[in-house]
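Hi,

Here is the structure I promised to pass on. Could you have a look when you get a moment?

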Amino acid sequence: MLIQQILNGLTMGSIYALLAVGVTMIYKSLSMLNFAHGDMMMVSAFACLSLYQLGVPIYLAIIIAIALAAGLGLLLERFFYRKLEFSSFTNVLIATVGVSFVMRNSSIVIWGTNPQLFPQIFSTDPIEIGGFLLIPQSIGIITVAAVLGTALQLFFYKTKTGKCMRAAAIDAEGASMLGINVTKSRLLTFVISSGLAAVAGILLAPMSYARVDMSVLVGLKAFAAAILGGMGNVVGALVGGVLLGLIEALGANYISTAYKDVISFLILFIVLFVKPTGLFAKRHENKM
């Protein structure tokens, strides 16, 4: 039973982690909180479902939906957020809230409010191994999150573009003086974070149906995971998401399912009381 709960926690934690990485990337690069991030996840899931209903094979629909999400992130940064020049934290924050309302209400008009069945990406037939039931869906979600997390780290630390993005996020003015295109780095940040949100939404939809409100609580927990790991730290966001998922699953099993959300946020408050910067303090690295 304990192993099963840990697996459940890792499954949801992987989804929180993918969303949290997008949240923390935008915060680190642009010093803004994107409250429309969760809605990007929801819109991507519906876009993928619509493509599938039109006859597009599910895996091709997934690729197209992720590309559409990345494109939407690019358009929002280029023609909306950039116009604000990122000069006021409050103004940009209000702008993201406005984008969130537009995306959610537009989704209601297009897809309605009824939950819609999403096709299974991974098998849900349990496999028994030594008396333990292994669900391919859970293993698939955890694997996807692990692969993407590893790929992001390799991208940021092993490629020229990734290093430039890190430099621009740490010190935009200094990076610009070194010839780094900070504007391009910020644009790529939105593209990558939107793509990650799309992946998270497509992984979550088969478990919870495609719903307009599917991002409300999950999006909030993504912010909690980013804060828990240390806002602005990509590795911290990954670890924070996994920890939040484990705490939620174990709390639901050993205390009560009715209080699982309360337990996870209570642990968050305790951690932040002890270490306000999160488990992984935000670091500025000089070595590129």
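Predicted model: local features only at pLDDT ≥ 70, side-chain atom pairs only at ≥ 80, totals over all residues.

Residues are numbered from 1 along each chain as its sequence is written, and side-chain values use heavy atoms, with hydrogens and water left out.

On confidence, the mean pLDDT (the predictor's confidence in each residue, from 0 to 100) of the chain is 88, with 95% of residues at 70 or more. Helix 2 (residues 37-53) comes out highest, at a mean of 95, and strand 2 (residues 132-134) lowest, at 78. Helices (H or I, at least four residues) and strands (E, at least two) are DSSP runs, numbered from the N terminus. Watch residues 283-288: pLDDT is below 50 there, yet the stretch has eight contacts (heavy atoms within 4.5 Å) beyond near neighbours in sequence.

Now the packing. The axes of helix 1 (2-30) and helix 5 (residues 136-158) come within 8 Å and cross at roughly 30 degrees. Axes here are lines fitted to C-alpha atoms, for helices over the stretch in contact, and angles run from 0 to 180 degrees between N-to-C directions. The two helices are therefore roughly parallel (under 35 degrees; over 145 is roughly antiparallel, 65 to 115 roughly perpendicular, the rest oblique). Their crossing is left-handed, meaning that the near helix is turned anticlockwise from the far one by less than a right angle; clockwise would be right-handed. Among the residues in contact are L18 and M25 of helix 1 and L148 and F156 of helix 5. By class, this contact has 13 nonpolar, three polar and no charged residues. For the classes, Ala, Val, Leu, Ile, Met, Phe, Trp, Tyr, Cys and Pro are nonpolar, Asp, Glu, Lys and Arg charged, and the others, Gly among them, polar.

Further along, helix 9 (residues 215-229) packs on helix 10 at about 120 degrees, axes 7 Å apart, in a right-handed crossing. That contact divides into six nonpolar, four polar and two charged residues. Helix 10 (residues 234-254) also packs on helix 11 (residues 260-274), at about 135 degrees with axes 8 Å apart, which makes helix 10 oblique to helix 11. This crossing is right-handed too. L244 and E248 of helix 10 are among the residues that meet helix 11, and both are also among those that meet helix 9.

Finally, there are five aromatic pairs (Phe, Tyr or Trp rings, for Trp the six-membered one, with centres within 6.5 Å; planes under 30 degrees apart are stacked, over 60 edge-to-face, the rest tilted). F35 and F223 are stacked, because their ring centres lie 5.0 Å apart and their planes are at 20 degrees. F35 sits in the loop between helix 1 and helix 2 and F223 in helix 9, so the pair ties together parts 188 residues apart in sequence.

Cheers
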